[in-house]
Amino acid sequence: MKRDVLRFFVPVLLLGVMVCNVCRADGADKKSTSNKRLKVGYYIAAGSASGGVHHIARMLYYSPQFEVTLLDGQDLRDGKLEGLDLFIIPGGDSESQYRMMQESGAEAIRKFVREGGAYYGICAGFHCAINKPTRVRLLPYEHIPGGFGNVADLRIQLSEEGGKLLDIASGSYIVRYSQGPIVRPGKSVGENSSKTLAVYKGNITPLNRRGIDMYDTPAIIYGEYGKGKVIATSFHPESYSNTRPIWLGCVYAVTGVKAKPVYPAKNLRPVRVAFYTAAVAGKNYLREMLELDRHPDIDVRFIAFGDFKSDALDHVDVLVLPDGLAEKYKRTFSKNHWLLKKFMNQGKLVLASEKSLEFLPKHKNLKCVKLGDSYVGQVLSVK
């Protein structure tokens, strides 16, 4: 009797141990995948200019899951996409972004994705992904001529399939739209598959042009190009806290990695800094912003030229004009000295890069910060 019992239970016990070990191994594999540190290339060129560029930088640099490399057009041509997992093109001006990378840089991106890399484009980066001669051409969508709206909050509808791919709830979202391209399905760009994951459920009149019906046009597109995956949003999911899960979901859809940004803790009474985003160029300005943003006593806010004419600057202590495009500073401030004088006459500090300094009014509260110098110490001097 005892022998019969042992004959029955010993194999069952061994089978249970085997199943348990398989489950543990499977769980370990899933855990290692979720803890993978993703190597991300972030495109920062003359065309990458918007407050959204900085919001994305924050999410990238403050996520333990990401290892970030800033790339410009020359870096693409020099083969620095090799070894990366994901390449991101943020908002800005897609024409300038393409001009900086040139066709050889665009081909480097295609090769990167074709061989298994992932691509994520936002607004201008969305435009770079579509099938147009002077773009990267990763997905079979085409730009509707004249298809650019104004700036507004618009409703999108994320499909059930889109929700599953992004691992977020499907349904309706209010998003920040800022002159993103309006597209439609178009000709193939080679071996690929593509689909629309979300569409617009609103409309907005384009700037100085006849209106184009953007209702039900693509807001999020997804596809495969060779062995790689591509996703793009024509709106700015990084701009609002309630739509940032869409941004993180798009990264997840093409990489399988769930990012969880951990932002620096701030003290109760930080120095408030307005960081000017309208003349950005190169990679230095982003490093300057992050150095300020990481400090517990500094609260960074992003502003553009239009904020000078509102009350946005009434609530900050320091204005930073970082390393950027001299011609943009010239165009903006040569005839608008009064805007800066008004700010400095209130006893507030302007920290200006060398490229902006010659276009600014002389004032005791205007200080020059040379390339490579730290802004932090001078910002904290007003505390």
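**Cysteines, cores and a buried glycine**

Cys 368 has a relative accessible area of 32%, so it counts as partly exposed, because that class lies between the buried limit of under 20% and the exposed limit of over 50%. This assignment, like the others here, rests on a predicted model. Cys 250, by contrast, has a relative accessible area of 0% and is therefore buried. A disulfide is a covalent bond between the sulfur atoms of two cysteines. A search of the whole structure finds zero disulfides.

The interior may be considered next. In soluble globular proteins, nonpolar side chains tend to be buried together. Here the largest nonpolar core comprises 69 residues, and Tyr 42, Ile 231, Ile 246, Trp 247 and Leu 292 have the most contacts inside it. Helix H7, which spans residues 244-255, supplies the largest share of this core, namely seven residues. Another core, of 29 residues, lies apart from it and includes Ala 45, Leu 81, Tyr 98 and Val 136.

Beyond its neighbours within four places in sequence, Ile 246 is in contact with several residues, among them Ile 156, Leu 166, Tyr 173, Phe 235 and Pro 237.

Apart from neighbours within four places in sequence, Gly 228 is in contact with Val 113, Arg 114, Gly 116, Gly 117 and Gly 223. Between Gly 228 and Leu 86 there is a separation of 142 residues in sequence, while their C-alpha atoms are 9.8 Å apart in space.

Definitions and conventions. Residues numbered from 1 in each chain as written. Predicted model: local features only at pLDDT ≥ 70, side-chain atom pairs only at ≥ 80, totals over all residues. Heavy atoms only, no water. Contact = heavy atoms within 4.5 Å. Core = buried A, V, L, I, M, F, W, Y, C linked by side-chain atoms within 4.5 Å. Buried < 20%, exposed > 50% of the residue type's maximum accessible area, 1.4 Å probe, protein only. Helix = DSSP H or I, 4+ residues; strand = E, 2+ residues; numbered from the N terminus. Disulfide = S-S within 2.5 Å.
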